[in-house]
Amino acid sequence: MSASGERRENWQPRMSIHRFKYATPVETAAACAHHILGILEETIAGGGEATFAISGGSTPKLMFEEMSRQRFDWNRVHLYWVDERCVPPTDQQSNFRFAEEYFIVPAHFPRRNIHRVAGELKPEAAAERYIAEVQSQFGLRDGALPHFDMIHCGMGPDSHTASLFPGEPLIEDRRHIAAPVFVEKLNSWRVTLLPGVLLNARHIAMLTAGDDKADAVRAVFEEDYDALKHPSQLVAHGNRSSSWFMDQAAASKLS
């Protein structure tokens, strides 16, 4: 029985997915950036606020730079992180620091709307504080999951997404918001949003580029569903709207 209470062998993912392929990483990142901005603009058009969670890694750099060049009113957008390394926010490995350099500062993102993971704390404490922050900001009762308006995800060559790596038991968790996770092959602790939150998002944008991702892209779309083996299948086969932005190299092995 999975954490969601469903028998895994009887669970069939429902696809609601759009795939976009571009010649270069620059074009791919720009298209993903404008897609995200479009969704956020629609969300705040009625006078409300939008919630936006971003991922780390090197791939989003071009996307962050494109978003920061646009004249967008960030005052009604609240920024969160899909995952974070358990390091101080000034550390070179910090996803917050990366976003701050390439997005937050150049975009003049309002500090009052930033909800980072306190990676300088011990992993369990960092996860607990982040969960409490999300619950407070979304006004959630105990046991409820947030509905992010937009979540940006990335994918590794091993098909991991967020900090959910192949074989991680938390991939089965559909009930909790976030958790600390030890990535054995990287010998590091991280805090990550969990699958229930990813699947609950109103929109997910996956950005992936490079020929080192080609095998993972093919496996995610063309192999049988097994998220424990290919965690990014959570995004490809979720029950919400997801859009994949791939460069030609990443998509080169798709049928």
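Reader: How many of the seven residues of strand S10 (residues 241-247) are buried?

Author: This is a predicted model, in which local features need pLDDT of at least 70, side-chain atom pairs count only at pLDDT 80 or more, and totals for chains, interfaces and linings use all residues. Residues are numbered from 1 along each chain as its sequence is written, and side-chain values use heavy atoms, with hydrogens and water left out. Strands (E, at least two residues) and helices (H or I, at least four) are DSSP runs numbered from the N terminus, while buried means under 20% relative accessible area, exposed over 50% and partly exposed in between (1.4 Å probe, protein chains only). Strand S10 is largely enclosed by the rest of the structure, because the number of its seven residues that are buried is six.

Reader: In which sense does S10 pair with S9, and which residue in S10 is the bridge partner of Ala205?

Author: Two strands pair if DSSP finds at least two bridges between them. S9 and S10 have six bridges, in the parallel sense. Within S10, the partner of Ala205 is Ser243.

Reader: Why is the pair of Tyr80 and Phe148 edge-to-face?

Author: Rings of Phe, Tyr and Trp (its six-membered ring) pair if their centres lie within 6.5 Å; planes under 30 degrees apart count as stacked, over 60 as edge-to-face and the rest as tilted. The structure holds 14 such aromatic pairs. For Tyr80 and Phe148 the ring centres are 5.1 Å apart, and the pair is edge-to-face because the angle between the planes is 80°.

Reader: How many residues apart are Tyr80 and Phe148, and is Phe148 buried or exposed?

Author: The pair links distant parts of the chain, with Tyr80 in strand S3 (residues 77-81) and Phe148 in the loop between helix H4 (123-138) and S6, 68 residues apart. Tyr80 has 1% relative accessibility and counts as buried. At 0% relative accessibility, Phe148 is likewise buried.

Reader: What is the angle between the planes of Phe182 and Trp189?

Author: Phe182 is partly exposed, at a relative accessible area of 35%, and Trp189 is partly exposed at 41%. Their rings form a tilted aromatic pair, 5.4 Å centre to centre, with an angle between the planes of 55°.

Reader: Where does His108 lie, and what is its phi?

Author: The loop between helix H3 (95-104) and strand S5 (114-115) holds His108. With a relative accessible area of 68%, His108 is exposed. Although His108 is a residue other than glycine, its phi is positive, near 55°.

Reader: Which residues are closest to the centre of the largest pocket?

Author: On a 1 Å grid over the protein atoms alone, a pocket is an open set of points where a 1.4 Å probe fits, with protein on both sides within 12 Å along at least five of seven lines; lining residues have an atom within 4 Å of a point. The largest pocket holds about 380 Å³ of space, a volume being the space filled by probe spheres set on the points, which are joined across faces, edges and corners. Of its 21 lining residues, those closest to the centre are Gly56, Gly57, Ser58, Met155 and His160.

Reader: Which strands each supply at least two residues of the lining of the largest pocket?

Author: Three elements meet this condition: strand S4 (83-85), strand S6 (150-154) and strand S9 (203-208).
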